[in-house]
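Me: Hi! I have just opened a structure that is new to me, and I'd like to talk it through. Can you help me find my way around?

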Amino acid sequence: MAAQKRAPTQGCPYMFKKILIANRGEIALRVIRTCREMGIRTVAVYSEIDRDSLPVRFADEAYLLGPAPARESYLNGDKIVAIAKKCGAQAIHPGYGFLSENSAFATLCRKNKIVFIGPTPETLQASGDKLAARELAKKVKVAAVPGIYSPLKDLTEARREAKKIGYPIILKARAGGGGKGMRRVDKESEMESAFRLATSEATQSFGDGSLYLEKYILGPHHVELQILGDRHGNIICLGERECSVQRRHQKIIEESPSPFITEATRRKMIKAAIQLAKAAKYAGAGTVEFLVDSKQNFYFLEINARLQVEHPVTEMVTGLDLVRAQIEIAAGKRLKTIIPPPLMGGDKGEGDHALECRIYAEDPNHDFLPSPGKITQVRSPEGPGVRVDSAIFQGCEISVYYDPMIAKLITWGKSREEAVRRMQRALREYQIVGVKTNIPFHEAVLAHPDFIKGKYDTGLVERNLSQLKRKINQGLEEIAKIAVEIHRKSSLLHGERSEGARSRWKTISLQEGLR
Ligand code: ADP
């Protein structure tokens with residue numbers, strides 16, 4: 001947040017004049033905003049149902065991709081590259097999700113002489129294969145979660161390996177992501193069905209049913225390191241994000257710095273992340289994910305070769321614009337010319353703290369089922385230290401075709417306590433009408449004593465689910481009581497609309513010279 005820490009604007013030997021954004025929603029808008037600040041023209045691509053979306057309105061040019069299903073629109077790499085060529089975009093920013101980690105797409109861009117704003121196709125291929133990433137960790141002597149390094153041939157092998165490692169274990173898809181194809185197995189009798197389900201989910205989601213298994217670490221923390229690599233072999237780490245508030249292994253709240261790891265652990269993790277990124281010849285923005293156990297032992301989980309959903313948390317504590325850094329790196333700039341010296345040396349803001357809540361259109365009272373529909377009213381929180389990354393507006397439709405995340409609410413503070421209080425205040429201000437959201441759920445988590453103390457692991461939500469839900473409903477009951485009370489009072493007033501009441505008002509008004 002501190003202004004003096006922002007990257008200096010320096011002349012660039014080469015800079016893109018036009019960038020196509022191969023994505024939608026808040027991240028497309030986020031990228032467009034940075035491009036505008038850099039004086040770069042933007043090209044949006046959109047599906048039929050996103051015709052009226054904000055990225056389409058904000059971009060300098062916009063082209064239709066096709067019908068709503070992602071396969072026919074945002075995953076149609078050939079069409080996206082054809083549009084980029086036709087309109088003269090020199091680079092493509094893929095955002096996150098969709099084609100962002102697709103090495104075939106990055107290769108297609110390269111073949112067509114369009115810069116893919118992300119790592120090379122080779123790096124994408126190596127990091128997209130979780131087993132190849134584990135191999136890489138082994139090579140540079142960074143401990144990965146105990147487990148196997150080649151895909152399981154069949155159920156018999158799964159049983160044998162699980163027995164060797166010891167239950168509980170977790171089955172994972174080799175090509176995994178988004179928690180898909182992942183199953184915790186506590187005992188041998190559960191293995192057969194878990195193996196079947198994980199295989200079919202992995203096949204369906206990634207077209208590759210290969211699985212491997214790892215020891216299930218009990219009560220771990222998910223701590224990830226933000227790295228930046230330039231195209232000249234330089235790598236820096238911009239500190240960590242704690243992402244242990246999860247539901248069904250998916251992050252819902254992230255913060256930086258981690259309230260859990262010690263300074264000694266942080267230093268060791270940074271070293272390990274840089275080692276891994278160097279071994280992967282990493283260029284661009286990326287994240288190295290670790291699990292940390294209660295004794296501060298950390299284990300490599302995976303590399304995410306893209307801008308993460310939660311990148312604003314790092315932006316708020318470092319004062320950097322990571323999208324800008326991505327673009328400058330892709331244009332060939334060296335890190336030392338785009339990152340201020342204190343950050344190059346690993347120095348972050350003294351005491352600065354940031355939090356992010358992912359706002360989903362979902363119903364916490366009905367098993368968090370997506371809640372699509374029209375947003376009839378929206379009022380975003382504002383004020384000091386608050387940032388909202390979103391592309392929603394009054395009248396927009398939240399469709400079933402895409403991820404239900406509709407906004408990211410980020411707060412910054414000079415201390416964790418300040419950032420948490422701001423988040424509580426900002427959540428209270430946030431009004432979204434027309435679809436159900438998980439805002440009340442976030443409020444319940446933010447009020448939980450373990451979260452307030454910063455003493456939580458990835459089990460926080462599951463362990464306290466019924467208590468958190470009760471808290472939401474208590475809130476709703478209070479609102480209902482207030483509504484009843486307002487109704488009662490207004491009926492009373494209505495009922496009292498006798499001549500006497502009216503004339504009394506008239507008298508007061510006259511006395512005060514209002515008429
Ligand atoms: P994905 O890429 O599908 O999101 P990850 O491997 O990144 O999957 O894991 C997502 C989350 O699942 C982690 O943050 C953690 O909460 C949980 N998890 C993954 N592996 C393990 C493990 N070996 N032990 C305990 N929890 C795990």
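Reply: Happy to; below we go through the ligand, some strands, a helix and the cysteines.

Reply: A quick note on the source: this is a predicted model, where local features need pLDDT of at least 70, side-chain atom pairs count only at pLDDT 80 or more, and totals for chains, interfaces and linings use all residues. Residues are numbered from 1 along each chain as its sequence is written, and side-chain values use heavy atoms, with hydrogens and water left out.

Me: Great. How many residues surround the ligand, and which are the closest?

Reply: There are 21 residues around the ligand, the closest being Lys-130, Gly-179, His-222, Gln-246 and Glu-302. A residue counts as near if one of its heavy atoms lies within 4 Å of the molecule.

Me: What kinds of residues make up that shell?

Reply: The shell divides into 7 nonpolar, 8 polar and 6 charged residues. Here Ala, Val, Leu, Ile, Met, Phe, Trp, Tyr, Cys and Pro count as nonpolar, Asp, Glu, Lys and Arg as charged, and the others, Gly among them, as polar.

Me: Which side chains have an N or O atom facing an oxygen atom of the ligand, and at what distance?

Reply: For Gln-246, a side-chain N or O atom is 2.6 Å from a ligand oxygen, and for Lys-130 the distance is 2.8 Å. His-249 has a side-chain N or O atom 3.5 Å from an oxygen of the ligand.

Me: How much of the ligand does the protein cover?

Reply: The protein covers 96% of the 550 Å² of accessible area that the ligand has on its own. That area comes from the Shrake-Rupley method with a 1.4 Å probe; for residues, only the protein chains shown count as cover.

Me: Which strands supply residues to the shell?

Reply: β6, β8, β12 (284-292) and β13 (298-304) each supply at least two. Strands (E, at least two residues) and helices (H or I, at least four) are DSSP runs, numbered from the N terminus.

Me: Let's look at β6. Is it buried or exposed?

Reply: Strand β6 (residues 169-173) has 5 of its 5 residues buried, so it is largely enclosed by the rest of the structure. Buried means under 20% relative accessible area, exposed over 50%, and partly exposed in between (1.4 Å probe, protein chains only). On one side of β6 sit Ile-169, Leu-171 and Ala-173, and on the other Ile-170 and Lys-172, all buried.

Me: And which strands pair with β6?

Reply: β6 runs antiparallel to strand β7 (residues 183-185), joined by 3 bridges, and Ile-170 has Arg-184 as its partner there. β6 also pairs with β8 (residues 211-215) in the antiparallel sense, over 5 bridges, with Leu-171 opposite Leu-213. Two strands pair if DSSP finds at least two bridges between them.

Me: Switching topic: what about β21?

Reply: Strand β21 (residues 405-413) is largely enclosed by the rest of the structure, so 9 of its 9 residues are buried. Antiparallel to β21 run β14 (residues 353-360), with 8 bridges, and β19 (residues 386-390), with 5.

Me: How many residues of helix α15 are buried?

Reply: In α15 (residues 439-446), 6 of the 8 residues are buried, among them Phe-441 and His-442.

Me: Last one: how many disulfides are there?

Reply: The search of the whole structure finds 0, a disulfide being a pair of cysteine sulfur atoms within 2.5 Å. For Cys-237, the nearest cysteine sulfur is that of Cys-243, 13 Å away. Cys-237 is buried, with a relative accessible area of 7%.

Definitions and conventions
A polar contact is a pair of N or O atoms within 3.5 Å; within protein, one must be able to donate a hydrogen and the other to accept it, and residues adjacent in sequence count only if both atoms are side-chain atoms.
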